[in-house]
Amino acid sequence: MSKFTELAKKYYESGCSCSESVIKSAYDAGIFKTDNIDEVHKIASMFSGGMSSGCLCGAVAGSQIVLGCLFGKSFSQHTRLNRVVAAELIEKFKEKRKVTCCKALSAPYKDNPVERRQNCISIVEDSAQILEDMANHYLKAEIK
């Protein structure tokens, strides 16, 4: 397990939400830089628990936020890399977990909060690993 993935797990276990854990660990592991991590963390908090509606998994949303910080286009740019990377994250997550919906990912554990939490820890780890692999791949491609 990488430093980043381990941090994501640690932050989730210590009380951060799924989206917050991914953001905080990506920043602390040096995957992305920002002058205002507190603002990014506040943004990430809104995506926890499927945006509090059970929709998109917060760990996936947090990963998308990090990818946006890395590869999102500025207002004046005309690139499609942001859309390519965003779609690839979803594809890779679905290869691993079949769905991105928080409700569906948690459904088998709805009556067992301990198992649900363990499942979420595993999802945070999976999201972090996918994000790290993608960031490494695309950052190397941009350097060339």
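This note sets out points on the fold, surface, core and selected residues of a predicted model.

1. Basis of the model. Because the structure is predicted, local features need pLDDT of at least 70 and side-chain atom pairs count only at pLDDT 80 or more, while totals for chains, interfaces and linings use all residues. Residues are numbered from 1 along each chain as its sequence is written, and side-chain values use heavy atoms, with hydrogens and water left out.

2. Secondary structure. The chain contains eight helices and zero strands, where helices (H or I, at least four residues) and strands (E, at least two) are DSSP runs numbered from the N terminus. The order of elements from the N terminus is α-α-α-α-α-α-α-α. The chain has a radius of gyration of 15 Å, close to the 15 Å that the globule rule gives for 144 residues, so it is as compact as a globular protein of that length. This radius is taken over C-alpha atoms, and the globule rule is 2.2 Å times the number of residues to the power 0.38. The C-alpha trace spans about 50 × 30 × 25 Å along its principal axes.

3. Contacts and surface. In the chain, 66% of the contacts with a separation of 6 or more join residues 24 or more positions apart; a contact means heavy atoms within 4.5 Å. The accessible surface is about 8200 Å², and carbon and sulfur atoms hold 53% of that area. Such areas come from the Shrake-Rupley method with a 1.4 Å probe, and for residues only the protein chains shown count as cover. Of the 144 residues, 42% are buried. Buried means under 20% relative accessible area, exposed over 50%, and partly exposed in between (1.4 Å probe, protein chains only).

4. Nonpolar core. The largest nonpolar core has 32 residues, and those with the most contacts inside it include Phe4, Ile23, Val124 and Met134. Such a core is a set of buried Ala, Val, Leu, Ile, Met, Phe, Trp, Tyr and Cys residues joined through side-chain atoms within 4.5 Å. At least two residues of this core come from each of helices H1 (3-13), H2 (18-28), H3 (37-45), H5 (58-71), H6 (81-97) and H8. H8 supplies the largest share, 10 residues. Not counting residues up to four places away in sequence, Met134 touches Leu67, Val85, Glu88, Leu89 and Lys92.

5. A buried serine. Ser63 belongs to helix H5 and is buried, with a relative accessible area of 0%. Leaving aside neighbours within four places in sequence, Ser63 contacts Val22, Leu89, Ser127 and Leu131.

6. Positive phi values. Most residues other than glycine have a negative phi. Ser52, in helix H4 (residues 48-54), has a positive phi near 60°, and its relative accessibility of 72% makes it exposed. Lys98 also is not a glycine and has a positive phi of about 75°. Lys98 lies in the loop between H6 and H7 and is exposed at 63% relative accessible area.

7. Two loop residues. Ala107 is situated in the loop between helix H7 (102-106) and helix H8 (113-143), and at 39% relative accessibility it counts as partly exposed. Gly72 is in the loop between H5 and H6 and is likewise partly exposed, with a relative accessible area of 34%.
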